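The following note sets out points for a colleague to consider while examining the structure. Each point may be checked against the model on display.

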Amino acid sequence: VSRFEGVTMAPPDPILGVSEAFKADTNDMKLNLGVGAYRTEELQPYVLNVVKKAENRMLERRENKEYLPIEGLAAFNKVTAELLFGADNPIIQQGRVATVQGLSGTGSLRLAAVFIERYFPGAKVLISSPTWGNHKNIFNDSRVPWSEYRYYDPKTVGLDFDGLISDIKAAPEGSFVLLHGCAHNPTGIDPTPEQWEKIADIIQERNHIPFFDVAYQGFASGSLDADASSVRLFAARGLEILVAQSYSKNLGLYAERIGAINVVCSTSDAAARVKSQLKRIARPMYSNPPIHGARIVANVVGDPALFNEWKEEMELMAGRIKNVRQKLFDSLSAKDKSGKDWSFILKQIGMFSFTGLNKTQTDNMTDKWHVYMTKDGRISLAGLSLAKCEYLADAIIDSFH
Ligand code: PMP
């Protein structure tokens, strides 16, 4: 008998568990729309050309494998903050941004969560309903209390803006408000620029601290600047902000675990102190971050030629997803005789579509049609090809009715 008898079996992860089930399915028609990972039209994983070029350069230089400092690669931290806020943003020139390299978006969110737990004991984090499944795990494991604010309105299949505003208003003063910078996961619904201004008004009024999760910069609209406009709007108001960044999607660096946590402070002095504490949190967790992904990002973003090429490749990826989105809408509209309005699919933005399929219906998608997706009704359009749109439309229509 094992000393670990008391250890119960953990449930599979609601997102990554879908990929495991997909692998086990032997049906030819199977489709993995669970995890948000970009695929080519042939449904193969894609390594960006700019990443290959950057890696070739790195190999030629025979760079060493010495430890990075706790805060990560300096060249990476510089370009990542510039990409986010804009290189000429005064907050950067004034040294008011504390940037620490993190283990992709998740690890960066986790550093921020521990920071909140330590320096704002009892403060609540407000998260959207629904949100990316891992947000709750991150705050739970960091012992940070959280509650939800209304976000998605199933009746309009759009943003519940009034609900959002009143919930943020009603939260205890000085709460953290977690916002998706762009391409909200899982709904694909973002506030308009006017709505962002209103959200910023309320956050300011209530003395809350905005906490952005930016996992899709460049992937929503195809433009890095447009997708950072929400964060920049808050920064331009002189607010103190937390921003977690990820390069999993926009540079396809999923397994390199490269991202950053940025804390915008009112003074450079505060930024220096915040950075010192983020380092103190990182040290006993993983000591210092991995170097390979940081070098790739620094080479791509820091080199004007590669940077331009990256933008073109990102437009291509975002463009392919938009084409698939359109084709899926066309297929559904043509095939479905029920009169259901499918236009919500075109209004959504980013990698995902939030279909409105419930748990029983998603079970039908998987059990009968071999379409793998999360139980909240989200499908990743990045894992769909034009060739498979008709099949998916049949599966969705069958599952709805
Ligand atoms: N936040 C959101 C909203 C996401 O969708 C993701 C990726 N699915 C992440 C953070 C973090 O992913 P990663 O840790 O791979 O950067």
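Which residue of β10 is the bridge partner of V97?

1. In this predicted model, V97 has V264 as its bridge partner in β10. The pairing extends beyond that position: β2 and strand β10 (residues 258-264) run in the antiparallel sense, joined over 7 bridges.

2. Strand β2 comprises residues 97-103 and is mostly covered, with 7 of its 7 residues buried. Both β2 and β10 are also among the elements against which the buried residues of α12 pack.

3. Helix α12 (residues 292-301) is likewise mostly covered, as 9 of its 10 residues are buried. These buried residues are G293, A294, R295, I296, V297, A298, N299, V300 and V301.

4. The ligand is surrounded by 13 residues, of which the closest are S104, G105, T106, S246 and S248. Helix α5 (residues 104-119) gives the most to this shell, contributing 3 residues. By class, the shell holds 9 polar, 3 nonpolar and 1 charged residues.

5. As to annotation, an unreviewed UniProt entry lists residues 30-396 as "domain: Aminotransferase class I/classII large". In the model, that span is 47% helix and 15% strand, and the C-alpha atoms at its ends lie 14 Å apart. The domain name should be read as coming from the UniProt record.

Notes. Residues are numbered from 1 along each chain as its sequence is written. This is a predicted model: local features need pLDDT of at least 70, side-chain atom pairs count only at pLDDT 80 or more; totals for chains, interfaces and linings use all residues. A residue is near a molecule or strand if its C-beta atom, placed from the backbone, lies within 6 Å of it. Helices (H or I, at least four residues) and strands (E, at least two) are DSSP runs, numbered from the N terminus. Ala, Val, Leu, Ile, Met, Phe, Trp, Tyr, Cys and Pro count as nonpolar, Asp, Glu, Lys and Arg as charged, and the others, Gly among them, as polar. A residue is buried if 20 or more other C-beta atoms lie within 10 Å of its own, exposed if 12 or fewer, and partly exposed in between; C-beta atoms are placed from the backbone. Two strands pair if DSSP finds at least two bridges between them. UniProt positions are given in the numbering used here, feature names are shortened, and annotations may be inferred rather than shown by experiment. Two residues are in contact if their C-beta atoms, placed from the backbone, lie within 7 Å.
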